[in-house]
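Please open the model in your viewer and keep the sequence panel beside it.

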Amino acid sequence: MQHLGVLLVLAALTASPLAAAWRPWPPRANGTTAGLGASKKFEGSSEFVKLEYHMGPVLASAITVHPIWYGAWPAAQKRTIRAFLRSLAPPPDSSARIPPPSVSAWWRTVRLYTDQTSANVSAAVTLGAEKCDARMSRGARLSRMDIQSVVRDAVTARTRPLPVDSSGGVYLVLTSPDVSVEDFCGQVCGFHYFTFPSVVGYTLPYAWVGNSARRCPEVCAYPFAIPSYVPGRKAEAPPNGDVGVDGMVSVIAHELAELASNPLANAWYAGSDPSFPTEIADLCEGIYGTGGGGAYTGQLLTDARSGAAYNVNGVGGRRFLVQWVWNPVLSYCSGPNALDQ
């Protein structure tokens with residue numbers, strides 16, 4: 001995938017690749033920080049984008065997200081991530097109390113993607129059963145294939161296994177800061193794919209996102225942490241007071257958008273090679289507001305009390321900063337906080 005002018009070489013998972021999220025810290029070009037001109041994904045650009053539909057399914061059935069908490073997770077961090085997931089499609093009574101721009105309005109852009117039967121990505125997204133592996137039964141160092149094994153452990157557990165749902169189930173593996181995952185920080189902050197029946201017993205869409213707080217917040221939690229090679233740039237304050245988790249929220253949003261529109265790596269992506277797809281969130285990496293691109297996030301909202309940066313509102317008064325996604329109708333990146341809406 002290409003992200004802000006940086007070509008990523010993704011490691012192969014056996015014979016098949018993984019779709020990966022590359023976070024939007026300002027890229028380097030010949031040892032210097034590249035600006036807007038180095039990026040092909042600045043807001044409003046469609047000159048280089050040939051997003052195509054490859055006849056595969058989208059997640060048109062009701063989506064249920066099953067978090068798998070791997071490692072030690074404080075209750076407060078779990079609450080933040082759960083709040084974001086519940087904000088994607090809150091019940092009408094809760095939705096009416098959420099001021100714009102909202103997380104659910106952000107999800108409406110993802111819903112514009114359809115399959116060959118003209119069925120849209122589902123509007124129904126719920127938080128499902130969860131599984132915790134605080135003891136890290138697969139160890140503190142995981143390969144990419146190990147993530148599938150973590151999913152298998154969750155759906156085959158002797159006590160309270162996660163339900164197997166191949167039509168709308170999404171299995172979200174979340175690793176704590178003390179867990180190292182192959183290529184984490186060096187190449188990826190998250191990825192999505194589908195499980196192999198030979199490993200898990202089923203074909204299930206899944207994603208992994210890691211907490212970068214101790215390892216590389218300037219990589220995976222930008223703009224809440226700033227790389228040392230970017231002089232004079234001040235980090236934004238995270239809306240939920242947690243650099244690692246607030247950074248994860250945007251990567252989770254990225255992966256869920258791509259899982260919904262390209263769950264089996266044969267639906268919506270740009271490029272002729274499905275091994276290196278550029279998907280609907282990749283096209284807008286690093287763009288959070290109007291004018292975004294390169295090293296600039298775009299125009300954000302600011303919490304009057306805390307000074308934290310955000311661009312969407314969620315349930316329970318929560319606020320989040322999530323990247324925009326490619327709008328197939330407008331043919332450019334868009335989000336609910338755009339100034340022209």
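A disulfide is here a pair of cysteine sulfur atoms within 2.5 Å. This is a predicted model, in which local features need pLDDT of at least 70 and side-chain atom pairs count only at pLDDT 80 or more, while totals for chains, interfaces and linings use all residues. Residues are numbered from 1 along each chain as its sequence is written, and side-chain values use heavy atoms, with hydrogens and water left out.

**Disulfides**

By the sulfur cut-off the count comes to 3 disulfides. Select Cys185 and Cys216, whose sulfur atoms lie 1.9 Å apart; the torsion about their S-S bond is about -70°, so this disulfide is left-handed. Cys185 lies in the loop between β14 and β15 and Cys216 in the loop between β16 (205-210) and α5, so the pair ties together parts that are 31 residues apart in sequence. Helices (H or I, at least four residues) and strands (E, at least two) are DSSP runs, numbered from the N terminus. Cys185 counts as buried at 17% relative accessibility, as does Cys216 at 3%, where buried means under 20% relative accessible area, exposed over 50%, and partly exposed in between (1.4 Å probe, protein chains only).

Next select Cys189 and Cys220, which form a disulfide with sulfur atoms 1.9 Å apart and which, with an S-S torsion of about -80°, is left-handed. Cys189 sits in the loop between β14 and β15 and Cys220 in helix α5, 31 residues apart. Cys189 is buried, with a relative accessible area of 1%, and Cys220 is buried at 2%.

Then move to Cys284 and Cys333, joined by a disulfide with an S to S distance of 2.1 Å; here the torsion is about -100°, so the disulfide is left-handed. This pair links Cys284, in the loop between β17 (268-270) and β18, with Cys333 in strand β23 (residues 332-334), 49 residues apart. When the bonded cysteines of the protein are numbered in sequence order, the pairing reads 1-3, 2-4, 5-6.

**Salt bridges**

The structure holds 5 salt bridges, each being a side-chain nitrogen of Lys or Arg within 4 Å of a carboxyl oxygen of Asp or Glu. Show the side chains of Glu130 and Arg82, which meet in one of them at 2.9 Å, N to O. Glu130 is in the loop between β10 (125-127) and β11 (131-133) and Arg82 in helix α1 (residues 75-87), so that distant parts of the chain, 48 residues apart, are linked.

Asp183 and Arg144 meet in another salt bridge, at 3.0 Å, N to O. Asp183 lies in the loop between β14 (180-181) and β15 (190-194) and Arg144 in helix α4 (residues 144-155), so the pair ties together parts that are 39 residues apart in sequence. Asp183 counts as partly exposed at 23% relative accessibility, whereas Arg144 counts as buried at 1%.

**A cavity and a pocket**

On a 1 Å grid over the protein atoms alone, a cavity is a set of points where a 1.4 Å probe fits but cannot get out, and a pocket is an open set with protein on both sides within 12 Å along at least five of seven lines; lining residues have an atom within 4 Å of a point. Grid points are joined across faces, edges and corners, and a volume is the space filled by probe spheres set on the points.

The second largest cavity has a volume of about 40 Å³, and its lining includes Leu59, Ile63, Trp107 and Leu256. The largest share of that lining, 3 residues, comes from α6.

For the second largest pocket, of about 180 Å³, select residues including Lys131, Cys132, Asp133, Arg138 and Asp153. Both β11 and α4 supply at least two residues of its lining. Cys132 counts as partly exposed, at 48% relative accessibility.

**Backbone details**

Finish by tracing the backbone from Pro100 to Pro101, where the peptide bond is cis with omega about -5°; Pro101 lies in the loop between α2 (92-95) and α3 (103-110). The bond from Tyr222 to Pro223 is also cis, with omega near 10°. Arg160, a residue other than glycine, has a positive phi near 45° and is exposed, with a relative accessible area of 73%.
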